[in-house]
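Hi everyone, thanks for making time this morning. I'd like to walk you through the pockets first, and then one piece of helix packing. Here is the structure.

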Amino acid sequence: QLTFSNKKLLERIDLGSYHECWIDGPDSNKLHGWIITPPGFSPARRYPSILEIHGGPQVQYGNIFMFEFYFLAAQGYVVHCCNPRGGIGYGEEHTKAIWNNWGTYDYRDLMRWCDYVARKKYIDKDRMGVTGGSYGGYMTNWIIGHTNRFKAAVTQRCVSNLLSMWGSSDANWYFQVEFGNKPPWEDFANYWRQSPMSTIGRAKTPTLLIHSEQDMRCALEQSEQVYVALKRRGVAAEMVLFPDEPHGLSRGGRIDRRIERLEHILRWFDRYLKK
């Protein structure tokens, strides 16, 4: 360790503990993840949990202080995450496994990881939540359309419809390359099969949507489509919009708005996971 910033403060604060894990994936692959247990953790108790999903997808979780994770852990949640296929850091095969095939191996990896976490004696498998932003929001949307195992979801700055994403995102050309390098009108079925909106009609999970009005990467309409569909189906849903903020609200937004965002996430999970 080279620096000791906030040493006196950290010496008197219980942040909880984090545990690094390697497990067997669903297809003879390896999954790397972490579990953060709350301050004052007791293995004799059963805790609600929150799965965090990274954005990208071509990024990764690693050895970095994720304030959001520790904030949620401090409220009595076990927070966990992993690096499913599609992310970086584990070789080209791992990264390209979902190339033009989103919602497949990434989903399988996340569900295998959640199976592993749910088997922990201190996890209440009936009180599991899920959240993520950007691509993590995509996967959150995909998950609620494919399983009812989670009792609450928070989808942030999400992707929901790759067809409309092509025309509303500032990175439309990049996504076109990844999805077969054809525009949507030349490959409609391919874009649609990988869009969470194609299965949103099955969703039953209470879902909070958080979006910034000046998001140019994942336009507001991506969240609006999910919100309208859930309301139409009678699923509990709310949408919180932040004015003036870009795609990176959680990292670079105005401080009071960053705090309010965390409070909304906590409010939603408390409502459905702490009954």
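The largest pocket in this predicted model has a volume of about 830 Å³. It is lined by 37 residues, and the closest to its centre are Gly-55, Met-66, Arg-157, Ser-250 and Arg-251. Which elements give two or more residues to that lining? They are strand 3 (47-53), strand 5 (123-133), helix 2 (67-74), helix 7 (172-178), helix 10 (249-252) and helix 11 (255-273). Helix 11 gives the most, with five residues. Sorted by class, the lining has 19 nonpolar, 11 polar and seven charged residues.

Now to the second largest pocket, with a volume of about 290 Å³. Here 13 residues form the lining, and Tyr-18, Gly-62, Ile-64, Phe-65 and Tyr-70 are the closest to the centre. Strand 2 (30-37) and helix 2 each supply at least two residues of this lining. As for its classes, you'll find 11 nonpolar residues, two polar ones and no charged ones.

Let's move on to the helices. Helix 4 (residues 105-118) packs with helix 5 (residues 135-144) at an angle of about 75°, and their axes are 11 Å apart. Angles of 65 to 115 degrees count as roughly perpendicular, so that is how helix 4 and helix 5 lie to each other. Who makes the contact? From helix 4 we have Asp-106, Tyr-107, Leu-110 and Met-111, and from helix 5, Tyr-135, Met-139, Trp-142 and Ile-143. By class, those contact residues divide into seven nonpolar, no polar and one charged.

That's my tour, and I'm happy to take questions.

How values were computed: Residues are numbered from 1 along each chain as its sequence is written. This is a predicted model: local features need pLDDT of at least 70, side-chain atom pairs count only at pLDDT 80 or more; totals for chains, interfaces and linings use all residues. Side-chain values use heavy atoms; hydrogens and water are left out. On a 1 Å grid over the protein atoms alone, a cavity is a set of points where a 1.4 Å probe fits but cannot get out, and a pocket is an open set with protein on both sides within 12 Å along at least five of seven lines; lining residues have an atom within 4 Å of a point. Grid points are joined across faces, edges and corners, and a volume is the space filled by probe spheres set on the points. Helices (H or I, at least four residues) and strands (E, at least two) are DSSP runs, numbered from the N terminus. Ala, Val, Leu, Ile, Met, Phe, Trp, Tyr, Cys and Pro count as nonpolar, Asp, Glu, Lys and Arg as charged, and the others, Gly among them, as polar. Axes are lines fitted to C-alpha atoms, for helices over the stretch in contact, and angles run from 0 to 180 degrees between N-to-C directions. Angles under 35 degrees count as roughly parallel, over 145 as roughly antiparallel, 65 to 115 as roughly perpendicular and the rest as oblique. Contact means heavy atoms within 4.5 Å.
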